[in-house]
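Let's take a walk through this model together, one piece at a time. Keep the viewer open as you read.

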Amino acid sequence: MNDGDEREIQKSLIKNGLQKQLDEFQMLSAIFCNSGELQVDDYSCIDNLNGYINDEIDRLTTKLDYRFDLPLLPDQKVQILVELPHLYPALEIPRIVIRSSVIPRDQERMLTAKIEQYIEEEVVEREEPYVFQVVGWIQDNFTELLQTTGEKKEQQTAPSKRSGAANEPIVFERLWIYSHHLKSKMKRQTIIKTARDLHLSGFSRPGKPAIICVEGQKRDTQEFWRTIKPLKWQKIQIKFNETEPVADEKEMAALRHFETGFREELFCEMDEDSDTEDQPMSMSLFMKFLEKHNCGYIKKELFGFPNSTESPIS
């Protein structure tokens, strides 16, 4: 078999999987048809997949991802985020993540592991799509899942924090992260929730380009990076990092440039109520924001502009 034949077989496998993904999504849309129950952030991804299936385009630029917003807790909706690799269902498993403002981030990771375990052990026939099966299992067992992962979390964290805290040095770190773009509501919510759960300060600018800054204890900034890096990005990188050992939380607080916590900023010359994440960033507003927070020095690292006089750690 030559390389051309192998490429054709691979393309045929991908097209077959993508068609099944779109058929499944259409079925799910008919079942979860109440307002807001099933949402896609960017419907252009469906056009991209259809174009590839129909040989109208040669390259896939996205994956199909969508989210359920379901009342799994009393007076509280819970998000089930689904991201499908191109070879799902036959050869790759989906990424299915639970998100809720009342569930701690480390418990969310345990829930993700439980979902992966269920797929590996209980979904025997994977030639056909099975997201509906997994979502149904989550709905039927959510209370029990919360209880078991909550108990496991308490068992894991109680002794480990006491044993490690005494000897672990405290290092302050500020990360400047640059991405080609950030539009997905799922990613934006993950960034905000993760930063706040880790008690990091800083900001996230969605749109194109995307700028994220987080500051706090190094173990937490690195955990933030480990959490967001695996998300689907066209390009993402740490452009600059600043570190400094500190004696205590008081010294760390003095090094923070964003004392009010973590928030999303847009830097657009439009009304705040408009859908501004699709608008270009106002470089003037962004530079004023950096200067206000004593971060003018980062202009060179991010965009190649001349440095201001501020020192990185001050």
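Is Thr221 buried or exposed? Thr221 is buried, because its relative accessibility is 0% (buried means under 20% relative accessible area, exposed over 50%, and partly exposed in between, with a 1.4 Å probe and protein chains only). You'll find Thr221 in helix α6, residues 218-228; helices (H or I, at least four residues) and strands (E, at least two) are DSSP runs, numbered from the N terminus. Once neighbours within four places in sequence are set aside, Thr221 still touches Glu173, Leu175, Leu200, Val214, Glu215 and Gly216, where contact means heavy atoms within 4.5 Å.

Some ground rules before going on. This is a predicted model, so local features need pLDDT of at least 70 and side-chain atom pairs count only at pLDDT 80 or more, while totals for chains, interfaces and linings use all residues. Residues are numbered from 1 along each chain as its sequence is written, and side-chain values use heavy atoms, leaving out hydrogens and water.

Now for the sheet. Four strands form an open sheet in the order β1-β2-β3-β4, with antiparallel pairing; two strands count as paired if DSSP finds at least two bridges between them. At the edges sit β1 (38-39) and β4 (95-99), each of which pairs on one side only. In general, strands of a sheet pair through backbone hydrogen bonds, either parallel or antiparallel.

Let's cross it strand by strand. β1 pairs with β2 (residues 64-73) over two bridges, in the antiparallel sense, and Gln39 has Arg67 of β2 as its bridge partner. Next, β2 and β3 are joined by eight antiparallel bridges, with Leu70 standing opposite Val78 in β3. Between β3 and β4 there are five bridges, again antiparallel; here Val82 is partnered by Ile96 in β4. As for cover, seven of the nine residues of β3 are buried.

The hairpin of β2 and β3 has two residues between the strands, and in it Asp75 takes a positive phi near 55°, though Asp75 is not a glycine. Asp75 counts as exposed, because its relative accessibility is 84%. Another non-glycine with a positive phi is Asp55, at about 60°, in the loop between α2 (44-53) and β2. Asp55 has 47% relative accessibility, so it counts as partly exposed.

What about the prolines? The peptide bond from Tyr88 to Pro89 is cis, with omega near 10°, and Pro89 belongs to the loop between β3 (76-84) and β4. A cis bond also links Lys208 to Pro209, with omega about 0°; Pro209 is in the loop between β6 (201-205) and β7 (210-217).

That brings us to helix α8, residues 283-292, where Phe286, Met287, Phe289 and Leu290 are buried. They lie on the same side of α8, because they cover an arc of only 160° around the axis (the arc is that of the directions from the helix axis to the C-beta atoms). The buried residues of α8 pack against β5 (170-179), β6, β7 and α9 (298-303). On the face turned away from that buried side are the exposed residues Lys288 and Lys292. After α8 comes Asn294, with a positive phi near 60°.
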